[in-house]
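Morning, everyone. Please have the structure open.

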Amino acid sequence: MLRFVLFTTLAALVLSEPQPRYLEDSVDERVVGGEVARPNSWPWQISLQYQSGSSFYHTCGGTLVRRGWVMTAAHCVDSSRTWRVVLGDHNINSNEGREQYMSVRQVYIHPNWNSNNVAGGYDIALLRLSSEATLNNYVQLGALPPSGQVLPNNNPCYITGWGRTQTGGSLSANLKQAYLPLVDYRTCSSYGWWGSTVKDTMVCAGGGKDSGCQGDSGGPLNCSVNGQWVVHGVTSFVSSAGCNTYQKPTVFTRVSAYISWMNGVSALTWIQYITYITNSRV
């Protein structure tokens, strides 16, 4: 369930290369590759939903990074809507009894994000939840990399999200996964690949038969590092020529480039909270 939004104002693009398109939720997009994940095997994966009328609808993915915080893509939340986050979900069309439903108290979009310039980067946002998640077998925190860490070429990674089961097929209500080995920056930014569209604050993965069409924007790129799954990417965009276009890997925001910013946001909100409590007691 993905919709591509095409941005045409990308002056930095090489003209011979397809333009990038964001991955968002829609019934019109085709999904290529991947498989249904074992239920709750990626317990930090969340469903980001928006309210329309009296109902909520899935639009993007995200990662639970602290009990009261979710990391997602900036382009998922740069419009004014009523949001909620569903934790512990597998089938987004049914309540299986393991889900936790949280409203979003505040949206923090990276200050350098520009919705008219996909190639500019900074496609990352933090959502402060209305309450803290209860951690259990179905809901866990995603592990984040140390600041600045860059993984090597072909490092094993998986993208996770909700989407169609096959090209032209029916929509999948269940969480899916697709194996996307990492493509290093030197390769991904070279001629014939993404060229100058890709920045060193991004991560590329895939470039073959499977791609980011498999999941929603904002969802995690889960990479194996020393025997642990670490969230190294936030799903951002694919090629306008097709989600699994050869040598146009799925592009993610590189999480390790924004650790300091995320720490600063959470620290600021803590200071604001302490100030509020102190002033309330005066």
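Strand S16 contributes three residues to the lining of the largest cavity, the most of any element. Before going on, a word on the source: this is a predicted model, where local features need pLDDT of at least 70 and side-chain atom pairs count only at pLDDT 80 or more, while totals for chains, interfaces and linings use all residues. Residues are numbered from 1 along each chain as its sequence is written, and side-chain values use heavy atoms, with hydrogens and water left out.

Now the terms. A cavity is a set of points, on a 1 Å grid over the protein atoms alone, where a 1.4 Å probe fits but cannot get out; lining residues have an atom within 4 Å of a point. Volume is the space filled by probe spheres set on the points, which are joined across faces, edges and corners. Strands are DSSP runs (E, at least two residues), numbered from the N terminus.

How many cavities of 30 Å³ or more does the structure hold? Two. The largest has about 50 Å³ of space. Its lining includes Val118, Tyr122, Asp123, Phe237 and Phe252. Strand S15 (228-239) and strand S16 (250-254) each supply at least two lining residues there.

The second largest cavity has a volume of about 40 Å³. Among the residues that line it are Asn40, Trp42, Asp89 and Tyr138.

On to the rings. A pair of aromatic rings is described by the distance of the centres and the angle of the planes. Rings of Phe, Tyr and Trp (its six-membered ring) pair if their centres lie within 6.5 Å; planes under 30 degrees apart count as stacked, over 60 as edge-to-face and the rest as tilted.

The structure holds nine aromatic pairs. Why is the pair of tyrosine 50 and tyrosine 57 tilted? The ring centres are 5.9 Å apart and the planes are at 40°, so the pair is tilted. Tyrosine 158 and tryptophan 229 are edge-to-face, at 5.8 Å centre to centre and 80° between the planes. That pair links distant parts of the chain: tyrosine 158 is in strand S10 (residues 157-161) and tryptophan 229 in strand S15, 71 residues apart.

Last, a charge over a ring (NZ of Lys or CZ of Arg within 6 Å of the ring centre and within 35 degrees of the ring normal). The charged end of arginine 81 sits over the ring of tyrosine 50, 4.1 Å from its centre.

Note on methods
1 Å grid on protein atoms, 1.4 Å probe; cavity = no way out; pocket = protein on both sides within 12 Å on 5 of 7 lines; lining within 4 Å. Helix = DSSP H or I, 4+ residues; strand = E, 2+ residues; numbered from the N terminus.
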